[in-house]
Amino acid sequence: MNIFSGIFRSRDKPTDRTAGSSYSFFLGTSSAGKYVTERSAMQMTAVYCCVRILSEAVASLPLQFYRYTDDGGKEKAVDHALYLYA
């Protein structure tokens, strides 16, 4: 037996997990055998940083209240109850 035979052996019929049933994606199963949930994904630094950057970008966007007018246009609803908090 060659020393490299175990390292460079060919894979005989790899399974394609994406071509199988589609419900496995929604149930959280994976081909790696590890279950990924929202809590376990947020424990990874890369996922946490991406979520933080996206949420801070959305939070910095201005929030305006508009009302549709009778002629089909729109105007700012300055008399709306939540206008002062936006």
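This is a predicted model: local features need pLDDT of at least 70, side-chain atom pairs count only at pLDDT 80 or more; totals for chains, interfaces and linings use all residues.
Figure 1. D79 lies in the segment after β2 and R67 in strand β1, so their pairing ties together parts that are twelve residues apart in sequence. The side chains of these two residues, D79 and R67, meet in a salt bridge with an N to O distance of 2.6 Å. R67 also forms a salt bridge with E75, for which the closest N and O atoms are 3.6 Å apart. Side chains of opposite charge can pair when their charged atoms come close.

Figure 2. E75 is partly exposed, its relative accessible area being 38%. D79 is exposed, with a relative accessible area of 59%; this value lies over the 50% cut-off for exposed residues.

**Figure 3. The salt bridge between Glu56 and Arg52 within helix α3.** E56 and R52 both belong to helix α3, which comprises residues 45-59. The two residues are four positions apart, about one turn of the helix. Their salt bridge has its closest N and O atoms 3.6 Å apart. E56 is partly exposed, at a relative accessible area of 46%. R52 is likewise partly exposed, with a value of 34%. In total, the structure holds three salt bridges.

**Figure 4. Asp71 in the loop between the strands.** D71 is found in the loop that lies between β1 (66-68) and β2 (74-76). With a relative accessible area of 70%, D71 is exposed. The side chain of D71 makes a polar contact of 2.4 Å with the side chain of T69. A polar atom of the D71 side chain also lies 3.3 Å from the backbone nitrogen of G73. The view therefore places an exposed aspartate, D71, beside contacts to T69 and to G73.

**Figure 5. Lys74 over the ring of Tyr66.** K74 lies over the face of Y66, at a distance of 4.9 Å from the ring centre. As for pairs between aromatic rings, a search of the whole structure finds zero.

**Figure 6. A nonpolar surface patch containing Met42.** M42, Y48 and V51 form a nonpolar patch on the surface. Together, these three residues have about 250 Å² of accessible area. M42 is found in helix α2, which spans residues 38-42. At 32% relative accessibility, M42 counts as partly exposed.

**Figure 7. Overall arrangement of the protein chain.** The chain has three helices and two strands. Read along the sequence, these elements follow the pattern α-α-α-β-β. Of the 86 residues of the protein chain, 5% count as buried. Strand β1 holds R67, and the loop between β1 and β2 holds D71.

Terms used: Residues are numbered from 1 along each chain as its sequence is written. Side-chain values use heavy atoms; hydrogens and water are left out. Rings of Phe, Tyr and Trp (its six-membered ring) pair if their centres lie within 6.5 Å; planes under 30 degrees apart count as stacked, over 60 as edge-to-face and the rest as tilted. A charge sits over a ring if NZ of Lys or CZ of Arg is within 6 Å of the ring centre and within 35 degrees of the ring normal. Patches are made of residues with over 30% relative accessible area and no salt bridge: like charges are joined within 9 Å, nonpolar side chains (Val, Leu, Ile, Met, Phe, Trp, Tyr) within 5 Å. Accessible areas come from the Shrake-Rupley method with a 1.4 Å probe; for residues, only the protein chains shown count as cover. A salt bridge is a side-chain nitrogen of Lys or Arg within 4 Å of a carboxyl oxygen of Asp or Glu. Buried means under 20% relative accessible area, exposed over 50%, partly exposed in between (1.4 Å probe, protein chains only). A polar contact is a pair of N or O atoms within 3.5 Å; within protein, one must be able to donate a hydrogen and the other to accept it, and residues adjacent in sequence count only if both atoms are side-chain atoms.
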